[in-house]
Amino acid sequence: MKRRLRAVYRRLHAAHGPQHWWPGDTVFEIMAGAVLTQNTAWTNVEKAIANLKRAKALSPGSIARATHRELAGWLKPSGYFNIKAKRLRAFCVWLLAQGGARRLARWSTPKLREALLSVHGIGPETADDILLYAFQRPVFVIDAYTRRLFGRLGVVRGDEPYEVLRGEIEKRLGADVPLFNEYHALIVAHAKDVCRPKPRCGHCALGSLCPSRSESWLLQIHKSADRNPRGN
DNA sequence: ACCCAGGGTCATA
DNA sequence: TATGACCATGGG
């Protein structure tokens with residue numbers, strides 16, 4: 001099964017190329033983006049981050065000091081702005097209390113993960129985004145796309161609890177930060193560019209690895225594919 | 001006029 | 001432990 005995971009990775013990488021994740025100029029921008037992109041299109045997050053930059057507020061101190069109305073106003077384009085204002089502030093307050101990211105970088109991965117999860121508004125996926133993309137820890141991020149893709153490929157069932165799924169994938173791939181970084185980004189890229197026919201494989205980026213290739217069914221990993229089941 | 005996005009929290013059962 | 005409601009903008 002480890003080979004299969006590697007094969008899928010190679011197909012995605014060949015089709016989409018390096019993704020250069022996480023987008024962001026600083027470690028803090030990466031962490032803030034991880035909170036703001038919760039159930040939200042990245043294009044909307046970019047607008048919110050641009051607002052923060054324009055207001056010179058893209059720092060833990062500025063955000064912690066800002067009023068709720070001010071902060072929510074900057075975050076408006078990213079949606080859920082009232083909730084995200086609270087979450088981002090809670091994260092910044094916590095970050096300042098810990099003495100900043102430089103200090104946190106010395107923590108062990110399990111301890112850092114547990115600490116992140118204790119912050120209001122930081123769930124498993126957001127914590128893992130931060131661990132992998134801001135702290136370069138070998139943590140495989142599990143999102144809805146990952147569940148559906150690996151589930152449909154038969155690598156896993158797909159309905160396992162988050163921790164179980166993460167543990168399985170990490171065990172099979174082996175701790176590898178650059179690989180985890182690229183893999184998760186490629187799965188998202190695959191979702192955006194939903195298996196459009198590529199010259200390379202004739203069907204979708206996964207080519208012969210797609211379980212439904214014979215029906216020329218494109219291996220979608222969006223929710224909508226759940227309602228039009230066509231693959232196995 | 002739908003559908004849904006690089007989720008998480010909280011209240012119920 | 002496992003559902004369901006809720007949060008909200010913007011692009012297809």
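The questions and answers below show how some descriptions of this predicted model follow from its values.

User: What kind of model is this, and how are its residues and chains labelled?

Analyst: This is a predicted model, in which local features need pLDDT of at least 70 and side-chain atom pairs count only at pLDDT 80 or more, while totals for chains, interfaces and linings use all residues. Residues are numbered from 1 along each chain as its sequence is written, chains are lettered from A and ligands numbered from 1 in the order in which they are written, and side-chain values use heavy atoms, with hydrogens and water left out.

User: What makes up the secondary structure of chain A?

Analyst: Helices (H or I, at least four residues) and strands (E, at least two) are DSSP runs, numbered from the N terminus. By that rule chain A has 13 helices and zero strands.

User: Why is the pair K53 and E29 called a salt bridge?

Analyst: A salt bridge is a side-chain nitrogen of Lys or Arg within 4 Å of a carboxyl oxygen of Asp or Glu. The closest N and O atoms of K53 and E29 are 3.3 Å apart, so the pair meets the definition. In the whole structure, a search finds ten salt bridges.

User: What can be said in the same way of the salt bridge between D159 and R157?

Analyst: The side chains of D159 and R157 meet at 3.3 Å, N to O. D159 counts as exposed, because its relative accessibility is 54%, and R157 counts as exposed too, at 65%.

User: What makes R166 and E170 a pair within one helix, and what are they joined to?

Analyst: R166 and E170 both lie in helix α11 (residues 162-173), four residues apart, which is about one turn of the helix. An α-helix has 3.6 residues a turn, so residues three or four places apart point the same way. Their side chains meet in a salt bridge, 3.1 Å from N to O. R166 is buried, with a relative accessible area of 11%, and E170 counts as buried at 18%. Salt bridges that share partners join R113, D128, E163, R166 and E170 into one network.

User: Why are the buried residues of α3 said to lie on the same side?

Analyst: The buried residues of α3 are V45, A48, I49, N51 and L52. They cover an arc of only 150° around the axis, which puts them on the same side of α3; the arc is that of the directions from the helix axis to the C-beta atoms. What covers these buried residues includes α2 and α5 (68-75), where contact means heavy atoms within 4.5 Å.

User: What makes a set of residues a nonpolar core, and which residues have the most contacts inside the largest one?

Analyst: A nonpolar core is a set of buried Ala, Val, Leu, Ile, Met, Phe, Trp, Tyr and Cys residues joined through side-chain atoms within 4.5 Å. The largest has 68 residues, and those with the most contacts inside it are F91, F150 and Y183. Its largest share, eight residues, comes from helix α12 (residues 177-192). Among the residues that F150 touches are L5, F140, Y183 and I187, not counting residues up to four places away in sequence.

Terms used. Buried < 20%, exposed > 50% of the residue type's maximum accessible area, 1.4 Å probe, protein only.
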